[in-house]
Amino acid sequence: MNKFLKSNRLIFNLVQEEDAYFILQLRNNESLNKFLSKSVVTEEDQKKWIREYKKREMEKEEFYFRIDKKDGEQLGFVRIYNIDYEENTFTWGSWIIKEERPLYSAIESALIIYEYAFYDLGMSKAIFDVRKENVGVLKFHKKFGAIKLYEDELNEYFELSRENYEEQKEKRYKKYLLDR
């Protein structure tokens with residue numbers, strides 16, 4: 001399965017082993033990785049991780065996407081994980097986009113994630129955390145209507161319901177999406 005998802009200017013493809021090198025390029029970039037879990041792996045380690053991930057993908061437990069512009073330029077990656085089909089909740093993260101990216105790439109990639117999780121997977125709520133120091137991403141999620149649940153020393157924890165997402169989408173973001 002090589003499912004792909006689209007917005008007006010982006011395409012998501014499920015990660016493949018050949019994406020390992022680009023993943024490492026981004027994850028080892030000091031200015032991009034400061035809010036991600038640290039990983040010191042080789043390209044072969046990354047390929048092995050992808051092979052294991054593909055098993056979770058087949059079970060619909062996790063989805064890891066490469067973010068591309070429609071012209072084929074690779075921009076970054078994002079994951080949906082901790083999918084709970086009984087509670088209809090999911091987490092998304094591991095969101096990393098290269099420095100030379102179009103301004104729309106963050107908003108459109110977030111919209112694709114929400115559209116896929118809420119409508120294709122049938123989820124009703126996103127649950128996620130953001131590092132407190134990641135001020136831009138905190139602002140981004142709050143603008144989307146995410147509600148802060150609590151915080152600890154390192155992170156703020158949020159939820160975004162499908163209803164809140166739909167409200168914000170109608171107000172601000174619908175122009176970024178293709179007609180479904």
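Student: Where is the place of Ser-94?
Tutor: In this predicted model, Ser-94 sits in strand β5, which covers residues 89-97.

Student: Is Ser-94 buried or exposed?
Tutor: Ser-94 is buried, because its relative accessible area is 18% and the cut-off for buried is under 20%.

Student: And how many residues apart along the chain are Ser-94 and Arg-27?
Tutor: They are 67 residues apart along the chain, with 9.5 Å between their C-alpha atoms.

Student: Changing topic. At what angle do α3 and α5 pack?
Tutor: Helix α3 (residues 105-120) and helix α5 (residues 162-173) pack at about 140°, and their axes are 11 Å apart. That angle makes α3 oblique to α5.

Student: Left-handed or right-handed crossing for α3 and α5?
Tutor: The crossing of α3 and α5 is left-handed.

Student: Which residues in α3 and α5 meet?
Tutor: From α3, Ile-107, Leu-111, Tyr-114, Glu-115, Phe-118 and Tyr-119 take part. They meet Arg-162, Tyr-165, Glu-166, Lys-169 and Tyr-173 of α5. The residues of this contact divide into 7 nonpolar, 4 charged and no polar.

Student: Now the largest nonpolar core. Which residues there touch the most other members?
Tutor: The core has 49 residues, and those touching the most other members are Phe-65, Ile-80, Phe-90, Trp-92, Tyr-114, Phe-128 and Phe-144. Helix α3 gives the most to this core, with 9 residues.

Student: What is Phe-90 in contact with, leaving aside neighbours within four places in sequence?
Tutor: Its contacts include Ile-80, Tyr-81, Ile-113, Tyr-114, Phe-118, Met-123 and Ile-127. Asn-82 and Lys-125 are also among them.

Conventions. Residues numbered from 1 in each chain as written. Predicted model: local features only at pLDDT ≥ 70, side-chain atom pairs only at ≥ 80, totals over all residues. Heavy atoms only, no water. Axes fitted to C-alpha atoms, helices over the stretch in contact; angles between N-to-C directions. Helix = DSSP H or I, 4+ residues; strand = E, 2+ residues; numbered from the N terminus. Parallel < 35°, antiparallel > 145°, perpendicular 65-115°, else oblique. Left-handed = near helix turned anticlockwise from the far one by under 90°. Contact = heavy atoms within 4.5 Å. Nonpolar A, V, L, I, M, F, W, Y, C, P; charged D, E, K, R; others polar. Core = buried A, V, L, I, M, F, W, Y, C linked by side-chain atoms within 4.5 Å. Buried < 20%, exposed > 50% of the residue type's maximum accessible area, 1.4 Å probe, protein only.
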